[in-house]
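Here is a short briefing on parts of one structure. Look at the strands, then a helix, then the core.

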Amino acid sequence: MKSGNTTSSAKDVRNFQKSVRYHVKYSGGKAWDDASQGDIYQAVALAVRERLIDGMLETDERYKKEDAKRLYYLSMEFLMGRALGNNLYNLGIFDLAKDALVDMGIDIEEVRGNEVDAALGNGGLGRLAACFLDSLATLGLPGYGYGINYDFGLFRQEIDNGCQREKPDHWCSEETPWLIQRPYQACIIPVYGRIEHFQDRHGNDNPMWMDWKILVGVPHDMPIVGFGGKTVNYLRLFSARSSDEFDMQIFNEGDYFKAVEQKMSSETISKVLYPSDSVEVGKELRLVQEYFLVACSIRDIVRRYLANHDTLDAFADKVAIQLNDTHPALTVAELMRTLIDEHDMAWERAWEITEATLAYTNHTLLPEALEKWPVPLLERVLPRHLQIIYEINRRFLQQVSSRWPDDGDRLRRMSIIEEGETKQVRMAYLSIVGSHSVNGVAELHSELVKSSLVPDFYELWPERFNNKTNGVTQRRWLLKSNPLLSDLITEAIGDAWITDLDRLRQLEKYADDETFQRKFLKIKKANKERLAKVILDTARVEVDPNSLFDTQIKRLHEYKRQLLNVMYIIHQYLSLIEDQKELTVPKTYIFAGKAAPGYFMAKLIIKLICSVGEVINKDPRVKGQMKVVLVPDYRVSLAEKIVPAAELSEQISTAGMEASGTGNMKLAMNGALTIGTLDGANLEILEEVGQENIYIFGLKVEEIQQMRDGGAYNPLDYYNQNPDIKRVMDGIGSDMFCPNESGLFKPICDNILHQGDYYFHLADFQPYVEAQDKVSQEYRDRSLWAKKAILNVARTGKFSSDRTISEYAREIWNLRQGV
């Protein structure tokens, strides 16, 4: 590994070895000869952590000296993945550690394999947050993540007879070396209770929050080192603890079990990421989780600010808070409550500070993902916050009314409180009203936010709305995940691309170079061979590294249209066995992704993928021309194996549904060509790589909207008029892929043919087939394909999270780089 490493001396190597041996003995309590691979991983990680802590303390001292403005990134998810390799690369000591361990008879890859992914997120939202933290530190920006220290991540996915089974993902069941507990900075959080109305000495109403219960949030810091090691920020994660070990009064009254139960109930708050909200108790827990994150964060942020300032007057000049989607929307009410109730600030001044401090990122156009909370639930859990939200809404609607008098419909549309049988608080609206900036995450998405999602708000405050196209960190997704390609790039153009991804443009001159193409294709083949071993180990399917690796790796959701991909696979299969056609090129279709536990249709699609694979992979008539596999338990460390090996990147969501996507960026950065719709960031990838280096198909956003509005789309027309579609749908509806479970997949057919095909699978089927045919034809020309793949790598500079974060820092947070 050449890229991003400092030269190490024999003394450095000895010191590293000494530190590892020290931690095996004194941190692990083991003799060296008795140490397991897990013990050695812990010791290596702790040896690395020493450097991280030194850097973290130096960084904090630097920020204090400058009295730097700080950014706090509030997110319910941080999908961090494994930390050891990333920290070694960013500190510039990967080769040092590798050499030190080899000298001790230890393989560094085996050590890294012992690390468990930090499962603090679900998908794109949490992985984006993790990339942002890497970029903040690399750019020398004072920025911190704030989240929850979940005991259990989303879930560990097992595939049993083709069905998803959810198993607990206890990611830190063994003490993680990366978290530093800070019990002395624990936050005391009130919850539940009631409001009593009193009068202050001036005769004004003075509501008091009474009889609340107490939660305690204990912070744990995960150091985040930027590339080069100069800046080490951290991700602060809060664990919920009961206010005392348990309630002594209940204990003294003889009910020990109730006392313990109350303690366990408090600690449930940080137990699991996204408890099911399909039942009332789960809904309440999820609300309390979101409040717990917000309240701990605000208390901690205010504490830190007041440690260096006598008044709150300069709060917005020294603090920026970014809300990552609507989950932390209660920050608006909590910051107001803190300023008014705890610091005796007038409403107008408190609102001025709140608005100037907060900014909101919208991540979705899907109505079900825009959170709303029932008013009765908020009243029970957070009575004071509900009171503040009502007052915010009253003042806001006065503003709307003065701009548009006598427009009752507009007031109803824009009100934070949605009227109905049960009133609901619209959290996206609360976020917009309480923030000075509202951004989408791709150019198309940001336009749709303004024109379709909240056009009334855009009309009121056009200056608040802006776009910040997502990005990914090249340190993890190229340098660390694809070391062979990283070395080839560095050999050709130097290593400046590691911190300035636009430098990849210099690769364009190698796109037609036969020698470079040959090296590039050889690296892709090696990565495919590595992935083939992973697939055999985890899914028990043998795949051919000489076939085209066609990948769709993302959360299972109908709008992402894994089903469209499966329909095409079935079409290919039936062409082979019924029409006796030969495939243009052999293909391996690789899926990975989890479905939400309660999402019936997504889980049925997983079963369909596995069942189709089972039939195709065992059919001798296929003659090895195609294989289908779902690799279980998709997570960051698995993505790091799939992304470098992928050759075709499936980004086929229904146009207008995907906010941005970041998998599309990672895959293009690693030389996979995109087949996709004009959705999310695909548009910007098209603009960057050129239309000849991407396969775009399907309906556009405006065409879909017209078909929806005019009722012009009838999927049965497509079924009756296109024999290929009819054959595929009949195959799914029959028992072809479920011989032992008759009618298993009929709900999928009914959903498509008789319930409107909401995601336009049949309308986009034929254009998708034609795009896939073009892919297969062009893949046969290895030189042409290599050129297109190299140009994809060369033109992904825009999609670095460094660029995204620089824009946030300059245009929203007003942060100074390189503090």
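β15 and β17 (residues 424-426) run antiparallel and are joined by three bridges. Two strands count as paired if DSSP finds at least two bridges between them. Helices (H or I, at least four residues) and strands (E, at least two) are DSSP runs, numbered from the N terminus. This is a predicted model: local features need pLDDT of at least 70, side-chain atom pairs count only at pLDDT 80 or more, and totals for chains, interfaces and linings use all residues. Residues are numbered from 1 along each chain as its sequence is written, and side-chain values use heavy atoms, with hydrogens and water left out.

**The open sheet**
- Three strands make an open, antiparallel sheet in the order β15-β17-β16.
- β15 (372-374) and β16 (417-418) are the edge strands; each has a single partner strand, so one side of each lacks a neighbour in the sheet.
- P374 has Q424 in β17 as its bridge partner.

- Buried means under 20% relative accessible area, exposed over 50%, partly exposed in between (1.4 Å probe, protein chains only).
- In a regular strand, side chains alternate between the two faces of the sheet.
- Both faces of β21 are covered: K587, Y589 and F591 lie on one side, and T588, I590 and A592 on the other.
- β20 (residues 548-553) pairs with β21 in the parallel sense over six bridges. F549 stands opposite T588.
- From β20 the chain crosses through α22 (residues 562-577) to β21, in a right-handed β-α-β crossover. Right-handed means that, with the strands pointing away from the viewer, the path from the first strand over the helix to the second runs clockwise.
- β21 also pairs with β22 (residues 626-630), in the parallel sense over five bridges. I590 stands opposite V629.

**Helix α26**
- The buried residues of α26 (residues 682-689) are N682, E684, I685 and V689.
- They cover an arc of only 160° around the axis, which puts them on the same side of α26. The arc is that of the directions from the helix axis to the C-beta atoms.
- G690 follows α26 and has a positive phi, near 95°.

**The largest nonpolar core**
- Of its 277 residues, F457, M729, I732 and W813 touch the most other members. Such a core is a set of buried Ala, Val, Leu, Ile, Met, Phe, Trp, Tyr and Cys residues joined through side-chain atoms within 4.5 Å.
- Helix α9 (residues 280-306) gives the largest share of this core, 13 residues.
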